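Here's a structure to talk through, question by question. Each answer sets a value beside its cut-off and draws the conclusion.

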Amino acid sequence: MRAPKENVSSTSSVSVSVSVRNLYKVFGRRPKDAVTQLQSGASRSELGPHETAAVIDASFDVKKGEIFVVMGLSGSGKSTLIRTLNGLLEPTSGSVAVNGIDISNVPAAKLREVRQKNVSMVFQHFALFPHRTVLDNAAYGLEVQGVRRAERLERARKIVNIVGLDGWADKYPSELSGGMQQRVGLARALATETDILLMDEAFSALDPLIRREMQEQLLELQAELGKTIIFITHDLNEAMFLGDRIAVMRNGRIVQIGTPEDILTDPANDYVAQFVQDVDRARVLTAGAVMEPARAVVPLSAGPRSALRVMRDLQAGAAFVLGPGRTLLGVVSDRHVMRQVKSNETDLSRVINQEHASVPADAALVDLFELAVESPLPIAVIDDKRRLLGVIPRVTLLAALGNVPTNTTPINIIEPVSIIPDAELDAMLASPELTSAAASTEGTLA
Amino acid sequence: MITDFRLPLGDLVSDGIDVLTDSLRPLFDLIRLVLVSLYEAVEFVLLSPPFWAIIIIAAALAYFVKGWKFAAGTIVGLFVIVGVNQWENSMASLALVLVASAIAIAISVPLGIVAARSNRASATIRPILDFLQTMPAFVYLVPALILFRVGVVPGIVATIVFAMAPGVRFTELGIRGVDKEVVEAGHAFGSSPWRILRQIQLPLAMPTIMAGINQVIMLSLSMVVIAGLVGGGGLGSDVVQALSRIDVALGFEAGLSVVIIAIYLDRLTAALSGKRRTMWTPWRTKATITEAAPSPAPAAATADARVGASV
Ligand SMILES: Nc1ncnc2c1ncn2[C@@H]1O[C@H](COP(=O)(O)OP(=O)(O)O)[C@@H](O)[C@H]1O
Ligand SMILES: [Mg+2]
């Protein structure tokens, strides 16, 4: 009966690590009845006094190698959800497939095998074995798998070193600080070499500085080892920092799944919007998400006169110069261009200043502050072939951080104002050589 | 009218015991044989070497688990017993205590494990324990006497029944008290329930279980005296003799011997339960550990009080 089903899921298992479909978990006396009620439209609060619906109709796929964060307030059902993923809790209804194996309905022995080979777990309060040394803690999973003592200790020692605990292997957990204890928890999970890692508020019990350090280390490990990580947190900043995708949970339901930017810039409902209000946006938003189209732009071939004209029209003191294929060559300032026009030079490239601020599209806003302060020009956003994608004026940067929608608030001055008097510019541009060109440009602008 | 009516509970139990005696005679004879041989073997081990050899072994044990002060106290105490001429009685009683508590522990710890694993088992076992523990100890002697006849065996059986309860309770308490997340970690790495019990629950519950074992031994010791009433021998028979002859001197000497052995066994087992903790909490000093493990100390106090009361 089950064979075809397993085939279906295993064909898709190439890219999907964990697949959850219509998952319900209700605690209480009559959980099945409660699910029927919920399925026919009852709300969570309409259930009997003895039933708690912890997870309601959750469906999602976690892709291989991604960090999937489940975020929500305390009591929203996150721990319950993650515990169904390795069968610590049995779903009341719905299915959970891990690497194509449906674990919602397998015998205990098979489930133990899945836990040994496919999924390991890191706990909120570390849950280390206090009567075992750091090394023996790390080797526990291998011991359960039946790996010989010498081999498992050697493998565990490697992992203990990787997580930065060299020299602590023979200590007991009670001799370690919180951060170090959770490193042991991480080592214990990594040592089994399962490809899926479940982390239930793994860093929530640590103080903020240690937490940030652990988050960064987790990202490094993830890049190195390519694990699939399902990470639970109630901390939005943590979710945004770690997550490739984030599922937001509320009262047992998943209300939105998306990338950190999706969640921030396009919240599915007021609840999510409110939740993301106090996020540290500077760490989440990227240059690409807030940039605006560049306007003070001249092609290199246009020459000094048209460059000056563009700057005058935009009331800008400088412009970006683009080469073939919109590659960014640099910046010219109105003073230099004006000098060229006066001396009848035609090669704009001689006055290009290449020392302007440019960043890739995935740079976090937090890294842009210094540049924005130092540079009088908007920051240029470029791709890996140095093509100009857009610009971030200082005002835009501040607006993005203040959660002011940049597209609805009028922003008047976005470029540094020219210091050359208008009259002088007009006089310059009125000279005979350029009259026709100026007329045509004026025509298109009008 | 009302005063005429009587619940025939006592008769019922009495009839039940009769039925048991008639139908299961061979079984009880077998149990009797096993218990007698066990007891005699232990007694032989304790009494065949010269008393000073036993004292040296006891003191060495005391030194190993706790330190030289305890060892010195042990030597003094045991020499007092020799001095009041109660050595043989004491060893006989000790043999009875060791056999009875070993069996009580062998039954109660697994029962405690079962109770910890299933709420239903726990709900079934608890009232039975309440019953066993609060029933006056003497009452067990009557059916035990009928089933196993006069001698050391009814004493052992009554002692087992009487002393079992804390073994079950503390084991259940200890296992249920193991951090839920730590047990969950065992499951999460694919351990079998048996492995989790062996490698996680039992080791972590051990201090509490040891406190229970301490109580089992203390209760056994207090029962020894009562066993003297049914021919249990040892210190109990001297106490009973002193009682019937109103011999204050004999009563005091026998009673004092009971107290000395009680204190020795109590400190020994209490130290054992503390010792397990030091292994994985090395940053604590020994002093804080004994403070942090409050259960054995008050337990010992009540057990001592019981022993005193029954003397
Ligand atoms: N074993 C359980 N028995 C009964 N209710 C539970 C149990 N575990 C969790 N719950 C309830 O389910 C809801 C979700 O809990 P949980 O998954 O722990 O939330 P979170 O991890 O998001 O804080 C809560 O209302 C909680 O009280
Ligand atoms: Mg939780």
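Q: What makes the contact between Arg149(B) and Asp29(B) a salt bridge?
A: The side chains of Arg149(B) and Asp29(B) come to 3.1 Å, N to O. A salt bridge needs a side-chain nitrogen of Lys or Arg within 4 Å of a carboxyl oxygen of Asp or Glu, so the pair qualifies. Arg149(B) sits in the loop between helix 7 (137–148) and helix 8 (152–176) of chain B, while Asp29(B) is in helix 2 (residues 25–47) of chain B, 120 residues apart. Helices here are DSSP runs (H or I, at least four residues), and strands are E runs of at least two, numbered from the N terminus.

Q: How are these values to be read?
A: This is a predicted model, where local features need pLDDT of at least 70, side-chain atom pairs count only at pLDDT 80 or more, and totals for chains, interfaces and linings use all residues. Residues are numbered from 1 along each chain as its sequence is written, chains are lettered from A and ligands numbered from 1 in the order in which they are written, and side-chain values use heavy atoms, with hydrogens and water left out.

Q: Why is Arg195(B) called buried?
A: Its relative accessibility is 17%, and buried means under 20% relative accessible area (exposed is over 50%, partly exposed in between; 1.4 Å probe, protein chains only). Glu143(A), at 15%, is buried too.

Q: What makes Arg195(B) and Glu143(A) a pair that joins two chains?
A: Arg195(B) lies in helix 10 (residues 193–227) of chain B and Glu143(A) in helix 6 (residues 140–145) of chain A, so their bridge crosses between chains. The closest N and O atoms are 3.9 Å apart.

Q: Why does Lys158(A) count as exposed?
A: Its relative accessibility is 51%, so Lys158(A) passes the cut-off for exposed. Lys158(A) also forms a salt bridge with Glu154(A), the closest N and O atoms being 4.0 Å apart.

Q: How do you know that Lys78(A) makes a polar contact with ligand 1?
A: A polar side-chain atom of Lys78(A) lies 2.9 Å from an oxygen atom of ligand 1. A backbone N or O atom of Gly77(A) lies 3.0 Å from a ligand 1 oxygen.

Methods:
A polar contact is a pair of N or O atoms within 3.5 Å; within protein, one must be able to donate a hydrogen and the other to accept it, and residues adjacent in sequence count only if both atoms are side-chain atoms.
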